[in-house]
Amino acid sequence: MNLKDDHYYIDRVRGGDNSAFSYLVEKYRDMVYGLSLKMLKNTEDAEELAQDTFVKAFQSLGTYKEKSKFSTWLYRITYNGAITILRKRKVELHSLDEQQLSDQDEMSINSRLHEIDKEELAESLKKALGTLPQDDQVLITLFYYEEQRVEDIVHITGLSESNVKVKIHRARKKMYGYLKENLEEAVFSEL
């Protein structure tokens with residue numbers, strides 16, 4: 001993604017060319033919808049949140065100060081919108097008991113995961129991600145799947161940098177614990 005393109009279109013919209021915003025919608029719609037769906041787990045709600053995100057972004061474009069990437073700013077709007085919806089639903093999030101894995105176990109599991117079928121691994125990772133509390137799923141998705149930097153996640157979520165790092169580390173350990181318990185016995189037979 002070229003940041004110069006974003007600024008060009010943002011400047012055009014700010015200058016009165018409202019149609020230029022369609023470029024930004026086209027460029028970021030999958031990203032916004034993906035985060036919406038990940039957080040809300042409902043396609044209709046995710047579609048509605050994605051639309052709302054772009055409407056809010058368009059209406060608030062004058063307040064975008066370009067201190068962070070436009071995509072990070074959009075993530076923040078999406079994240080806040082999803083949190084509002086989840087609070088309205090009064091969704092109760094339950095965290096798993098902390099899994100205790102040593103760093104050596106983690107490295108061993110990681111090396112063995114390379115030995116299994118990629119489709120099986122992808123499915124197992126999806127299931128492991130699904131076992132995490134909603135907030136942790138979002139952090140893992142942003143960091144690993146959306147390849148957002150910790151600094152960007154801080155802007156998106158409003159959490160401190162150290163909190164983001166700790167939560168990602170703990171969530172990863174929980175996922176490894178799930179993988180250790182649920183992948184084929186042969187993969188982990190030497191642990």
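## Helix 8 and its cover

Helix 4 (70-89), helix 7 (134-145) and helix 9 (161-182) are among the elements that cover the buried residues of helix 8, where buried means under 20% relative accessible area with a 1.4 Å probe, protein chains only. Helices are DSSP runs (H or I, at least four residues), numbered from the N terminus. In helix 8 (residues 150-157), the buried residues are Val150, Asp152, Ile153, Ile156 and Thr157. They lie on the same side of helix 8, because they cover an arc of only 155 degrees around the axis, taken from the directions from the helix axis to the C-beta atoms. Just after helix 8, Gly158 adopts a positive phi of about 80 degrees.

## Basis of the model

This is a predicted model, in which local features need pLDDT of at least 70 and side-chain atom pairs count only at pLDDT 80 or more, while totals for chains, interfaces and linings use all residues. Residues are numbered from 1 along each chain as its sequence is written, and side-chain values use heavy atoms, with hydrogens and water left out.

## The chain as a whole

The protein chain contains nine helices and zero strands. Of its 191 residues, 39% are buried. Among contacts (heavy atoms within 4.5 Å) between residues at least 6 apart in sequence, 69% join residues at least 24 apart.

The protein chain exposes about 11,300 Å², an area from the Shrake-Rupley method with a 1.4 Å probe.

Methods: Buried means under 20% relative accessible area, exposed over 50%, partly exposed in between (1.4 Å probe, protein chains only). Helices (H or I, at least four residues) and strands (E, at least two) are DSSP runs, numbered from the N terminus.
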